[in-house]
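Thanks for coming. I have one structure to go through today, so please have a look at the screen.

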Amino acid sequence: PRLLASVLRFRRVFDVVEAAPEAPAGVWAGAALAAGYFDQAHLSRDFKRFAGQTPRQFHRSLEGLSLAMIRGALS
């Protein structure tokens, strides 16, 4: 039950971020609070635990993936 609660809370962060895709760089801190984390440090810990990287690294990887998909579509 404890692990499931952690996974669901982690998932809620993505719902919050998705609702505000054009939010400023501090979106992770606000998303962490809205999802039930006490602070951004706890979110970072879970990011490393479940995604294997920090929120910033994850965000950068999405930008790279988006660019690769666009370039592939234009080829």
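First, the ground rules. This is a predicted model, in which local features need pLDDT of at least 70 and side-chain atom pairs count only at pLDDT 80 or more, while totals for chains, interfaces and linings use all residues. Residues are numbered from 1 along each chain as its sequence is written, and side-chain values use heavy atoms, with hydrogens and water left out.

The chain has four helices and zero strands, and from the N terminus the order is α-α-α-α. Helices here are DSSP runs of H or I with at least four residues, strands are runs of E with at least two, and both are numbered from the N terminus. Of the 75 residues in the chain, 21% are buried. Buried means under 20% relative accessible area, exposed means over 50%, and partly exposed is in between, with a 1.4 Å probe and protein chains only. Among contacts with a separation of 6 or more, 49% are between residues 24 or more positions apart; contact means heavy atoms within 4.5 Å.

Now to helix H2, residues 27–35. Which residues of H2 are buried? They are Val-27, Trp-28, Ala-31, Ala-32 and Ala-35. Seen down the axis of H2, these fall within an arc of 135°, so they line one face of the helix. That arc is taken from the directions from the helix axis to the C-beta atoms. As a reminder, an α-helix has 3.6 residues a turn, so residues three or four places apart point the same way. On the face turned away from the buried side, H2 carries the exposed residues Leu-33 and Ala-34. Just after H2, Gly-36 has a positive phi of about 110°.

Next, the packing partner. Helix H1, residues 2–19, packs on H2 at an angle of about 125°, with the axes 8 Å apart. Axes are lines fitted to C-alpha atoms, for helices over the stretch in contact, and angles run from 0 to 180 degrees between N-to-C directions. The contact is made by Arg-9, Arg-12, Val-13, Val-16 and Val-17 of H1 with Val-27, Trp-28, Ala-31, Ala-34 and Ala-35 of H2.

Last, Arg-45, in helix H3, residues 40–50. At 44% relative accessibility, Arg-45 is partly exposed. Its C-alpha is 9.6 Å from that of Pro-55, 10 residues apart in sequence.
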